[in-house]
Amino acid sequence: MRRELTALGYRVGASATPIVPVDTGDDLATLHAWNLLIEEGVYVNAVLPPAASPRLRTSYTAVQTREHLDRAVAGFAAVRERVLGLSVAA
């Protein structure tokens, strides 16, 4: 997922855990991205100050199938331009 999200142009945090933070830049973008991903059927957690810098917290388990992961990637692809202002050619 880290590789797929990076390929889409997202900045993800470096960690060796099943938690992959996705940098969103600011509070409003975080909440907007969170809402749009929920509408796409992708559940993530919105993290806001003072807990940490604005980001989406994604997490993965061994029970998720490739289909689940592909659906999550498709959801992130669908919202990236509307929320994060990333170009199509990441």
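D70 and R66 form a salt bridge in this predicted model. Their closest N and O atoms are 3.0 Å apart. Both residues sit in helix 3, four residues apart, so about one helical turn separates them. D70 has a relative accessibility of 38%, so it counts as partly exposed. Side chains of opposite charge can pair when their charged atoms come close.

R66 has another partner. The side chain of E4 meets R66 in a salt bridge, with 3.6 Å from N to O. This pair reaches much further along the sequence. E4 lies in helix 1, residues 2–7, and R66 lies in helix 3, so the bridge ties together parts that are 62 residues apart in sequence. E4 is partly exposed, at 31% relative accessibility.

How many salt bridges does the structure hold? There are three. One of them pairs D23 with R11, and here the closest N and O atoms are 2.6 Å apart. D23 is in strand 2 and R11 is in strand 1, residues 11–12, so this pair ties together parts twelve residues apart in sequence. How well covered are the two partners? D23 is partly exposed, with a relative accessible area of 30%. R11 is exposed, with 54%.

Now step back to the whole chain. It has three helices and four strands. Follow the sequence and the pattern reads α-β-β-α-β-β-α. The C-alpha atoms fill a box of roughly 30 × 30 × 25 Å, taken along the principal axes. What radius of gyration does the chain have? The value is 12 Å. A compact globule with 90 residues would have a radius near 12 Å, so the chain agrees with that expectation.

The contacts tell a story about distance along the sequence. Take the contacts between residues at least 6 apart in sequence. Of these, 57% join residues at least 24 apart.

Next, look inside. Of the 90 residues, 30% count as buried. The largest nonpolar core has 19 residues. Those with the most contacts inside this core are L5, Y10, L37, L56 and F76. Strand 2 (19–23), helix 2 (27–39) and helix 3 (66–84) each supply at least two core residues. Which element gives the largest share? Helix 3 does, with six residues.

L5 shows how the core residues meet. Set aside its neighbours within four places in sequence. L5 is then in contact with Y10, V12, V20, V22, Y60 and F76. Two of these partners, Y10 and F76, are also listed with L5 among the core residues with the most contacts.

Is L36 buried or exposed? L36 is buried, because its relative accessible area is 9%, and the cut-off for buried is under 20%. Not counting residues up to four places away in sequence, L36 touches V79, R82 and V83. The C-alpha atoms of L36 and V79 are separated by 6.5 Å, although the two residues are 43 residues apart along the chain.

Conventions
Residues are numbered from 1 along each chain as its sequence is written. This is a predicted model: local features need pLDDT of at least 70, side-chain atom pairs count only at pLDDT 80 or more; totals for chains, interfaces and linings use all residues. Side-chain values use heavy atoms; hydrogens and water are left out. A nonpolar core is a set of buried Ala, Val, Leu, Ile, Met, Phe, Trp, Tyr and Cys residues joined through side-chain atoms within 4.5 Å. Buried means under 20% relative accessible area, exposed over 50%, partly exposed in between (1.4 Å probe, protein chains only). Contact means heavy atoms within 4.5 Å. A salt bridge is a side-chain nitrogen of Lys or Arg within 4 Å of a carboxyl oxygen of Asp or Glu. The radius of gyration is taken over C-alpha atoms; the globule rule is 2.2 Å times the number of residues to the power 0.38.
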